[in-house]
Amino acid sequence: MAFLSHLISGVSLGSIYAIIALGYTMVYGIAKMLNFAHGDVIMVGAYSCFFMVSRYELPAVVGVVVAMVVCTILGVTIERLAYRPLRQAPALAVLITAIGVSYFLQNSALLLWTSNPKVFPSIVGNGSLKLFDGQLSISYTALLTVVTCIIIMMALTWFTSKTRMGKAMRAVSEDKGAAQLMGINVNATISMVFAIGSALAAIAGILLCSAYPTLSPTTGSMPGIKAFTAAVFGGIGSIPGAMIGGILLGVIEIFGKAYISTQLSDAIVFLVLIVVLLVRPTGLLGKSVQEKV
Amino acid sequence: MMLKVSDLHVYYGAIHAVKGISLEVNEGEIVTLIGANGAGKSTVLQTISGLLRPRTGSITFLDDDITALVPHKRVERGLAQVPEGRRIFLSLTVAENLEMGAYTQRGADTSVGMERAFTLFPRLKERRKQVAGTLSGGEQQMLAMGRALMSSPKLLMLDEPSMGLAPILVEQIFSNIVDMNADGTTILLVEQNAQMALSIAGRAYVLETGQIVMQGEAAELSDNEQVKRAYLGG
Ligand SMILES: Nc1ncnc2c1ncn2[C@@H]1O[C@H](COP(=O)(O)OP(=O)(O)O)[C@@H](O)[C@H]1O
Ligand SMILES: [Mg+2]
């Protein structure tokens, strides 16, 4: 039963990584850049929800919606002001800018909200579902996390395969010039991807803080790095890859903590990543780039 | 007049690739732009589509100055291009590629355009659910042309549609171009295969190192000794 319980915790943590990893991977797919500020958008989302729910005592739904709106605007603004002017710039310049944006967000949060951690109440309370005569208990937060992750995955699959905008997103990811020749507004499409990724970051931030209730300006960085790892693990640019990578990473982390060593669990996570990348440099589901003449 | 390009200068950094080109395309025509590899043909087409910005010069399309217009707005106005190397979306299916071609036809029913593309290129219909990366070179060229037609362009520009294709397919692609023109689409055709291009075009421009060195009726140019020697292999 302990095994099952760890598995559920792992899948639940992994679902959060997966939702964050989707933002990394979609942005990488379309803008070919690593948006290192993504983790800090998560933090801003969590603070937005925290203020709505704890400070202004509004219903959790309002907190979630406000957080998503704030993060969407933030993500689109970051892209517009910091990344779009660098569209033709070398990758290194873009990467350094992204790290700069990340520090900017963390330090702004420090100024606005101080470094004192806030206690974030779970948006679904602290109850849990008891199974097998109470031998197995699954927190409502974990249930909500997994269900949310599944819904997001289905919605994104539908979006990218069935809608006009979703197909345009795939077209722009593959060839921006050809997409422009089709009459696709490439800048608007990239903005849309940043909007989706940032709205997902808000959801991830709220789920993360619901499970691990301390919120501070650096809350987003470590999950951000792990989710980035998950995206690479699954194959950067691949949406199903981000999901699988995220969930596997969460499971490995929790099993590592439970059965090997609490201190070494992060090291184990990165070790697995290194091994996977040695065997499959493009990640689990990454496409090897092939061109046809 | 449909398209008028005046004194266009285009640079890649310090490289002066297009040095003062002027050309015109009238409604209903097939006009060809021929020249050796590196002459600047693709640069001209990309500038007309808006992917490249000219340093000076102007582009007028259907009496409007579009020199500063963003590329996707040019497509909305009826200017489409089949780019060099086809550049179809390899990871999308044939049908999805065609849908992308109809991206500017917001809310319109794409099935009419798709049927038209399938009539012109029946092979695409059989393969419409297939991922485009699995198509042969000839089929990819047909898809690139079908895709460009989906926006119902007034002017269709084609950049070396015969490149890399077997002679029998080249014949077919050129007859498709004639058909599209007969359906009312004005054509600006860029080719290295000067012989074929001159055989279907009404007028032609000859480009050399970024400048137009000759222009006139296609039939006259095919008889011109200089053109024969330089581009027609004798
Ligand atoms: N992206 C680029 N960067 C620098 N130079 C380029 C680039 N593309 C083309 N050129 C140069 O511009 C000139 C014209 O190229 P292009 O328009 O592709 O010729 P064509 O289509 O007639 O073969 C060539 O000298 C080519 O080397
Ligand atoms: Mg060329």
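1. In which sense do β1(B) and β2(B) pair, and over how many bridges? The two strands are antiparallel, and eight bridges join them. Strands of a sheet pair through backbone hydrogen bonds, either parallel or antiparallel.

2. A word on confidence before going further. This is a predicted model, with an ipTM of 0.94 and a pTM of 0.92. The average pLDDT of chain B is 94, and 100% of its residues score at least 70. Where pLDDT is low, predicted coordinates should not be read in detail.

3. In chain B, four strands make an open sheet, and their order across it is β2-β1-β4-β5, with antiparallel pairing. Its edges are β2 (15–25) and β5 (64–65) of chain B, each of which pairs on one side only. Helix α1 of chain B, residues 41–49, packs on this sheet and touches β1 (3–12), β2 and β4 of chain B. The direction of the helix makes about 110 degrees with that of β1(B).

4. Strand β4 of chain B covers residues 56–61 and is joined to β5(B) by two bridges, the strands running antiparallel. B:Phe61 has B:Asp64 in β5(B) as its bridge partner.

5. B:Phe61 also turns up in the surroundings of a lysine. B:Lys154 sits in the loop that links α6 (137–149) to β7 of chain B. Apart from neighbours within four places in sequence, B:Lys154 contacts B:Met2, B:Phe61, B:Leu62, B:Arg77, B:Gly78, B:Thr185 and B:Thr186. Its relative accessibility is 40%, so B:Lys154 counts as partly exposed. Between the C-alpha atoms of B:Lys154 and B:Lys129 there are 28 Å, although the two residues are 25 apart along the chain.

6. B:Glu160 is found in the loop between β7 (155–159) and α7 (167–182) of chain B. With a relative accessibility of 6%, B:Glu160 counts as buried. Leaving out residues up to four places away in sequence, B:Glu160 touches B:Lys41, B:Val190, B:Glu191 and B:Gln192.

7. Strand β9 of chain B is described by its burial and by its partners. Of its six residues, 203–208, five are buried, so the strand is largely enclosed by the rest of the structure. With strand β3 of chain B (residues 30–35), β9(B) pairs in the parallel sense over five bridges. Here B:Val31 stands opposite B:Arg203 in β9(B). In a regular strand the side chains alternate between the two faces of the sheet.

8. β9(B) also pairs with strand β10 of chain B (residues 211–217), this time antiparallel and over six bridges. B:Leu207 has B:Ile212 in β10(B) as its bridge partner. β9(B) and β10(B) form a hairpin with two residues between them, and B:Thr209 in the turn has a positive phi of about 35 degrees.

9. Chain A can be summarised as a whole. Chain A contains eleven helices and four strands. Its radius of gyration is 19 Å, close to the 19 Å given by the globule rule for 293 residues, so chain A is as compact as a globular protein of that length. The C-alpha atoms fill a box of roughly 60 × 45 × 35 Å along the principal axes. Of the 293 residues in chain A, 50% are buried. Among contacts in chain A between residues at least 6 apart in sequence, 73% join residues at least 24 apart.

How values were computed. Residues numbered from 1 in each chain as written. Chains lettered and ligands numbered in written order. Predicted model: local features only at pLDDT ≥ 70, side-chain atom pairs only at ≥ 80, totals over all residues. Heavy atoms only, no water. Pairing = 2+ DSSP bridges. Contact = heavy atoms within 4.5 Å. Axes fitted to C-alpha atoms, helices over the stretch in contact; angles between N-to-C directions. pLDDT = per-residue confidence, 0-100. Buried < 20%, exposed > 50% of the residue type's maximum accessible area, 1.4 Å probe, protein only. Rg over C-alpha atoms; globule rule 2.2 N^0.38 Å.
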